[in-house]
Every structure is written in structure tokens, then in C-alpha cells.
Amino acid sequence: MRRVVQILAAVVFLAGLVLFLGPQVNGWLGQRNSDSAIDTFEAELPAGVASSGEEDSGKAADGDTSEGSEDGESDADSADQYFEEVSAESLAALRSELEAYNRQLYESGQSGLRDPFDYENSSFDLTRYGFSQNVIGVLWIPRMQEKLPIYLGANSENMAKGAGLMGQTSMPLGERNSNVAIAAHRGWKGIPMFRNIQSLQIGDKIQITTPWDTLVYRVCDLKIISPEDTEEVLIQEGRDLVTLLTCHPYTQNYQRYLVVAERSDEEPR
């Protein structure tokens, strides 16, 4: 009888341990996959393209205190061994296609836009241009200490891995007459993502690294809207905007929390 009690006690203990450590393990795995997607994106860029490095204190600024592998190579250096750089010709062709897409959106008044969270499909397949994944850039939010890969298409698969650039909204090229709408969960399987989005304040920095440049934006507006308020993500004449979207209130989804940021001419740090 004592043996049975000991076995039951061990089973209960292990079950409790799994319940306690499960979220931490999921969060670690999710963060590792997110970081790997960013490393791959940066490794595939030609030498000399701006990195998505963090301000002042490097990776420690967003919670990553790793010092690379034992032989002194960084994760990005290691990734270079496995992924070929995207050619300059492919990047030029992609840029031209994205510019034409942005013009078409602006001139049509984004006539295809219906609901901010309806736009799951990407208008572009980056693997056709030499990328191994459909990541258009890296989003870095210093105040939130959050860095996420930006996948094309705000579908459930992409948003489980990082942020999703919504279809029928602008591509991040640093152009006037554009509004880049980026959606993310308010926490997903242990990864914070946009969980702490309400900590952002007017004037806070948002930075996006693309295959061509590192773009700096400053928060200029904070809004709570209903899912039907699609005009909030429309292009505004003469402005270069980024709009972050997530569910609101936290743990619920009947509203949307928006952070609107406008392009700054300051140099990325």
C-alpha cells in the first residue's frame, strides 16, 4: 500500500511540475524560433545592409544577453554558413515590385480593405526572390524590449511565429502615402509579442529593419477601436505611418488597440 501511495505522489508531483514548467518551456522554444527567423533574415542580406541591432547596449537592450557560440561566432555568423545571400539584382527587383504595389494601394484608396484582421494572405512570395522564408523585416520596440520577425500575411500560422504585415496595407519602404499595418497577438505561448503594448507612450521609438534600410518611427497616436473601424489603418495623404494592432482588452478580443507611429528622419542607432 505504501508503494502505491509513493507512486501516486510521484505522479502528482511530476504532473504539477509539467504544469508549472510548461509555459516557460513553450516560451523558450517560441522565443528561440523567433530569434532564429531574425538571424536567418539578417544572414541572407548582402553585406553592408543595415542590421536590426538594438540601441546603446546591443542585444541586451531587448533581453537577449547571449554572447554567441563557444568559438566566438554569433548566431548570425553561424547562419551565414547555411544560407546564401540574396543577390543585389533580386533585391532591386523586389523593391521595384513593392513600390508598384504601394502606389497601386494608394491610388485605389485601398478598395479591397474590409476588416483589419481579415487580411491573412500575402501579396508576395519572398522565396521567389531568394529568401528562405516570407519575412520582410524585423520590428524592434525598445520600450517593450520586444523584437519580432515581420511575416507577410497576418494569418494564424505567421502570427504564432511573430508579427504579421496585413494584406492590403503598405509595404515598409519608408515612403510617403503609406501605412504599414502590423498585427500580433497579445502574448502567445509564452512569447510576450504585443502583450505590453499599453506601455507605449507618445514619442516612443519603433524601428523596422528591411532588406534595404532601417526605418525609425515615433509614436504619435494611441487608439482603442472596434474591429469594424477599418478607416483607422488607411493610408493618410502625405504621411509615412506604421500602425500596430492587437486585441483589447488583454485576454479578450472585442476591441482593437492601435499604436500609430510616424516616420522620423533621425538616424537608427
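Predicted model: local features only at pLDDT ≥ 70, side-chain atom pairs only at ≥ 80, totals over all residues.

Visitor: Why is N158 called buried?

Guide: The term buried applies under 20% relative accessible area. N158 has a relative accessibility of 8%, and therefore counts as buried.

Visitor: Which residues does N158 touch, leaving out those up to four places away in sequence?

Guide: They are Y151, L152 and G153.

Visitor: What makes C220 and C247 partly exposed?

Guide: Partly exposed lies between the limits of 20% for buried and 50% for exposed. C220 has a relative accessibility of 32%, so the label partly exposed applies. C247, at 24%, is therefore partly exposed as well.

Visitor: How many disulfides are there?

Guide: A disulfide requires a pair of cysteine sulfur atoms within 2.5 Å. By this rule, the count is zero.

Visitor: How do you know that strands β2 and β3 are paired?

Guide: Pairing requires at least two bridges between two strands. Three bridges join β2 (residues 146-152) to β3 (residues 163-165), and these strands run parallel.

Visitor: What do the strands form together, and in which order?

Guide: Eight strands close into a barrel, in the order β1-β2-β3-β4-β7-β8-β6-β5, with mixed pairing. From one strand to the next, the twist averages 30 degrees. The protein also has four helices, and the pattern along the sequence is α-α-α-β-β-α-β-β-β-β-β-β.

Visitor: What makes a group of residues a nonpolar core?

Guide: Its members are buried nonpolar residues joined through side-chain atoms within 4.5 Å. The largest such core has 47 residues, and L139, I182, F194 and L244 touch the most other members. A second, separate core of 11 residues includes L113, Y119, M166 and V233.

Visitor: Which residues are in contact with L244, apart from its neighbours within four places in sequence?

Guide: Among them are L139, I141, I182, F194 and I197, together with Y257, L258 and V259. In soluble globular proteins, nonpolar side chains tend to be buried together.

Visitor: How much of the protein counts as buried?

Guide: Of its 269 residues, 43% count as buried. The accessible surface comes to about 13600 Å², and carbon and sulfur atoms account for 49% of that area.

Visitor: What share of the contacts with a separation of 6 or more joins residues 24 or more positions apart?

Guide: In this protein, that share is 68%.

Definitions and conventions. Residues numbered from 1 in each chain as written. Heavy atoms only, no water. Helix = DSSP H or I, 4+ residues; strand = E, 2+ residues; numbered from the N terminus. Axes fitted to C-alpha atoms, helices over the stretch in contact; angles between N-to-C directions. Buried < 20%, exposed > 50% of the residue type's maximum accessible area, 1.4 Å probe, protein only. Contact = heavy atoms within 4.5 Å. Areas by Shrake-Rupley, 256 points an atom, 1.4 Å probe, with all protein chains shown as cover.
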